[in-house]
Amino acid sequence: MITAFAGSMVFVYVHIVWFTGWILINEGLFGQGAVFDPFPFGLLTMIVSLEAIFLSTFVMVSQNRQATHDTLRADLSFEASVRSEVWSTNLGRALGLDPEEIERQAQELIATSRAKMNSEMGRPQA
C-alpha cells in the first residue's frame, strides 16, 4: 500500500502542498512568531531525507516481493511446459509420429519467427 501511494500523483500533490506550506510559514508569511524552521530549512531537509530512506526501503521490499512472485510464476510455467512436452511426445509416439521430424519442423518455425521479430525490431540477424 505504501509503494502504491508513494507512486501516485496524490503523493506528489500532498508533497507540493506540504513543502509550499512549510516554506511559506518559515519565510514569515504568517508572522515571525510562526517561523519554526528558518532558511535553509534544516528540519525540512532532515525530514525529507528520512522519508527518502524509508521510501527507498519500502520500494526495495516491494520489488523483492514481486521478484519472489515472478520466480514462483516462472517455476510453475516451466513445470507446465515440461508436463506439456512430455505429454505431447508420448501422444505423438502413440500416434506413430516421428519426434525428430516434428522437432526439426519446430526448430525451423522458431528460427523463422525469431528472424522475423529481429528484422521488425531492426536487430542484426544471428
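How are H2 and H3 oriented to each other? Keep that in mind as you click around; this is a predicted model, and we'll come to the answer at the second stop.

**Stop 1: the whole chain**

Start zoomed out, with everything shown as a cartoon. Colour by accessibility if your viewer can do it: 7% of the 126 residues count as buried. As for contacts in the chain with a separation of 6 or more, 36% of them are between residues 24 or more positions apart.

**Stop 2: H2 against H3**

Select residues 9–26, which make up helix H2, and then residues 42–94, which make up helix H3. The two pack at an angle of about 165 degrees, and their axes are 12 Å apart. Anything over 145 degrees counts as roughly antiparallel, so H2 and H3 are roughly antiparallel to each other. Their crossing is right-handed.

Next, show side chains where these helices touch. On the H2 side, pick Phe-11, His-15, Trp-18, Phe-19 and Trp-22. On the H3 side, pick Leu-43, Leu-44, Ile-47, Val-48, Glu-51 and Leu-55. Colour this set by residue type and you get 9 nonpolar residues, 1 polar and 1 charged. To spot the exceptions, look for His-15, the polar one, and Glu-51, the charged one.

**Stop 3: the loop between H2 and H3**

Now move to the loop that lies between these two helices and select Pro-40, which is found there.

What is phi near in Phe-41? The value is near 60 degrees, which is positive in a residue other than glycine. For background, most residues other than glycine have a negative phi, and most peptide bonds are trans.

One last thing to check while Phe-41 is selected: is Phe-41 buried or exposed? The cut-off for buried is under 20% relative accessible area, and Phe-41, at 10% relative accessibility, therefore counts as buried.

Note on methods: Residues are numbered from 1 along each chain as its sequence is written. This is a predicted model: local features need pLDDT of at least 70, side-chain atom pairs count only at pLDDT 80 or more; totals for chains, interfaces and linings use all residues. Side-chain values use heavy atoms; hydrogens and water are left out. Axes are lines fitted to C-alpha atoms, for helices over the stretch in contact, and angles run from 0 to 180 degrees between N-to-C directions. Helices (H or I, at least four residues) and strands (E, at least two) are DSSP runs, numbered from the N terminus. Angles under 35 degrees count as roughly parallel, over 145 as roughly antiparallel, 65 to 115 as roughly perpendicular and the rest as oblique. A crossing is left-handed if the near helix is turned anticlockwise from the far one by less than a right angle, and right-handed if clockwise. Contact means heavy atoms within 4.5 Å. Buried means under 20% relative accessible area, exposed over 50%, partly exposed in between (1.4 Å probe, protein chains only).
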